[in-house]
Amino acid sequence: MTHNDTPPRVLTIAGSDSGGGAGLQADLRTFFACGVHGMTAVTAVTVQNSLGVSGVSVIPPEIVAAQIEAVAEDIGVLAAKTGMLATAEIIEAVAKACDRVHIGRDGSIPFVVDPVAASMHGDQLLLDNALDALRTELFPRATLVTPNLDEVRLLTGIDVRDHHEAREAAKALHAMGPQWTLVKGGHMRDDPECVDFLYDGETFLELPARRVDTRHTHGGGDTMASAITSALARGASMPDAVRFGKEFVTNAVQHAYPLGSGVGPVSAFWRLPQETLPTFGQRG
Ligand code: PXL
């Protein structure tokens, strides 16, 4: 590819994190590091810093849908993902817009649904009554769903404590309609291998990775789903895309940096060649 060739185009349907750690800011950073052109359908603006979320303004559902259609019709979308969707009305509008532009399992465009429900500070990013819409409107359209264990509990009622329960949860989620299910084990504190379970309704692929000891993991789920989406846009099979995403996020957690006085973000910078940047001095 020369510098003037159009790269693969990917879309994130997600909320803004003013602190730049998670949400669409993490998605765009990851897309860049994965060599794809990132586009955004903004669902909500959060007022946020490293200490948590102190305000949310939700975008009108028809504006979310219009963003999806505008970029799909002109620029084209090779793969899409969702992050914070905020309300049932937005989820319904996203489902309809995706159908119109063939994003999702019955269209031809891979669709990764990251069922974001809360921040790691426990701030609510999805209204309680929107869980049902997520299950009924988006899961059947998803090529892949990527819940962490907190989201697994909200969606299935299963409180996963070991690998057997993780597999049972993947089966319960798969019955809700996605083509592939990824149950992420990062929140299973006493598993040193952070095993993730990828399930297609028949077989399990188990993906272990080293556990990194850091409290700075803000945006980890967003980063992994974005890396997977980028790989799918580049033509990877689902197992290869998920292996790539797992490797990407493990390195990003390894390079996580402190920010403000709270929780810092995982870093997509690990993939950039540092030596190409000139040194200008430090402003603190
Ligand atoms: O990491 C999940 C997430 C997604 N989107 C937004 C967020 C967060 C976590 O804080 O703020 C906007």
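Student: What is 2.8 Å from an N or O atom in the side chain of Q48?
Tutor: An oxygen atom of the ligand. Keep in mind that this is a predicted model.

Student: And how far is a polar side-chain atom of D222 from a ligand oxygen?
Tutor: The distance there is 2.6 Å.

Student: Which residues are around the ligand?
Tutor: Among them are G15, S16, A22 and G23. Q48, M84, H218 and D222 are also on the list.

Student: New topic, the sheet. How many strands form it, and in what order?
Tutor: Nine, in an open sheet. The order is β3-β2-β1-β4-β5-β6-β7-β8-β9, with mixed pairing.

Student: Which are the edge strands?
Tutor: β3 (52-58) and β9 (204-207). Each pairs on one side only.

Student: In what sense do β1 and β2 pair?
Tutor: Parallel, over eight bridges. β1 covers residues 9-17 and β2 covers residues 37-49. V10 stands opposite G38 in β2.

Student: Which strands does α1 lie across?
Tutor: Helix α1 (residues 23-33) lies across β1, β2 and β4. It runs at about 150° to β1.

Student: What about α8, which strands does that helix touch?
Tutor: β6, β7, β8 and β9. The direction of α8 makes about 20° with that of β9.

Student: Last one, α4. Which residues are buried there?
Tutor: L131, A133, L134 and L138.

Student: What do they pack against?
Tutor: β4, α3, β5 and α5.

Key. Residues are numbered from 1 along each chain as its sequence is written. This is a predicted model: local features need pLDDT of at least 70, side-chain atom pairs count only at pLDDT 80 or more; totals for chains, interfaces and linings use all residues. Side-chain values use heavy atoms; hydrogens and water are left out. Two strands pair if DSSP finds at least two bridges between them. Helices (H or I, at least four residues) and strands (E, at least two) are DSSP runs, numbered from the N terminus. Contact means heavy atoms within 4.5 Å. Axes are lines fitted to C-alpha atoms, for helices over the stretch in contact, and angles run from 0 to 180 degrees between N-to-C directions. Buried means under 20% relative accessible area, exposed over 50%, partly exposed in between (1.4 Å probe, protein chains only). A residue is near a molecule or strand if one of its heavy atoms lies within 4 Å of it. A polar contact is a pair of N or O atoms within 3.5 Å; within protein, one must be able to donate a hydrogen and the other to accept it, and residues adjacent in sequence count only if both atoms are side-chain atoms.
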